[in-house]
Amino acid sequence: MTTAPAGYTYDEQLPASPVTEQDLTELLADVMWTDADARALRRAGEILAPQASDILDVWYDFIGSTPHLISVFRGPDGKPDQEYLERVRARFERWITDLCTRGFDYRWLAYQEEIGLRHTPAKKNLTDGVKSPSTYVPMRHLVALLVPITMTIREFLQRGESSLTEVEAMHQAWFKAATVSVTLWTRPYAAELW
């Protein structure tokens with residue numbers, strides 16, 4: 001049995017998300033989600049989960065080489081806090097698997113809300129007990145990171161599937177699911193307008 005990453009609270013009792021089932025249904029309609037996407041995403045999970053660490057190597061290389069992105073991981077000395085980066089990385093790896101394998105239900109919604117809160121002043125730094133001068137992740141960067149976390153996934157899908165049609169279906173399902181997840185993370189930033 002795999003040990004849960006530090007600060008990973010999916011399986012704990014979390015407050016219910018303010019996002020209703022109707023909100024989620026509408027959001028899934030917005031991204032044109034289908035039953036075929038659900039199947040393709042499950043298949044993607046079979047391919048991506050064993051490669052999660054390698055995927056995070058690519059994502060962290062990008063984040064680490066981009067000053068405004070790495071700055072949210074600064075410690076009190078102004079330098080990237082390596083322990084903080086590693087703890088977040090472990091949860092980010094788990095997010096890949098969760099996105100592909102968990103049902104989009106009330107529990108999943110509650111954890112997406114928790115992730116969103118951890119990017120805002122309400123909870124940033126609390127989970128890991130860090131004293132970072134960065135008190136939030138700018139929402140613009142959170143949303144824009146959809147591009148690298150989607151574009152880089154195709155290569156990993158191709159490592160486990162030779163059919164280009166299947167790779168495309170899995171890639172589209174990943175893009176839709178990641179968009180829904182990140183959209184849910186934005187709710188705490190603008191609750192009244194969300």
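Where is the place of alanine 38? Alanine 38 sits in helix α2, one of the helices we will visit in this report. Helices here are DSSP runs (H or I, at least four residues), numbered from the N terminus.

Before going on, please note that this is a predicted model, in which local features need pLDDT of at least 70, side-chain atom pairs count only at pLDDT 80 or more, and totals for chains, interfaces and linings use all residues. Residues are numbered from 1 along each chain as its sequence is written, and side-chain values use heavy atoms, with hydrogens and water left out.

With a relative accessible area of 25%, alanine 38 is partly exposed (buried means under 20%, exposed over 50%, partly exposed in between, with a 1.4 Å probe and protein chains only).

**Two helix pairs**

Two packed helices are described by the angle between their axes and the distance between the axes. Axes are lines fitted to C-alpha atoms, for helices over the stretch in contact, and angles run from 0 to 180 degrees between N-to-C directions.

| Helix pair | Angle | Axis distance |
|---|---|---|
| α2 (residues 35-48) and α10 (residues 164-185) | about 100 degrees | 8 Å |
| α3 (residues 52-64) and α5 | roughly 125 degrees | within 9 Å |

The angle makes α2 roughly perpendicular to α10, whereas α3 and α5 are oblique to each other. For these words, angles under 35 degrees count as roughly parallel, over 145 as roughly antiparallel, 65 to 115 as roughly perpendicular and the rest as oblique.

The contact of α3 with α5 includes Leu56, Trp59 and Tyr60 of α3, together with Val88, Phe92 and Trp95 of α5. Its classes are 10 nonpolar, one polar and three charged residues. Ala, Val, Leu, Ile, Met, Phe, Trp, Tyr, Cys and Pro count as nonpolar, Asp, Glu, Lys and Arg as charged, and the others, Gly among them, as polar.

**Arginine 91**

Helix α5 (residues 82-101) also holds arginine 91. Arginine 91 counts as buried, at 12% relative accessibility. A polar atom of its side chain lies 2.7 Å from the backbone oxygen of alanine 6. Not counting residues up to four places away in sequence, arginine 91 touches several residues, including Pro5, Tyr8, Tyr111 and Asp128.

Conventions:
Helix = DSSP H or I, 4+ residues; strand = E, 2+ residues; numbered from the N terminus. Polar contact = N/O pair within 3.5 Å; in protein donor to acceptor, adjacent residues only side chain to side chain. Contact = heavy atoms within 4.5 Å.
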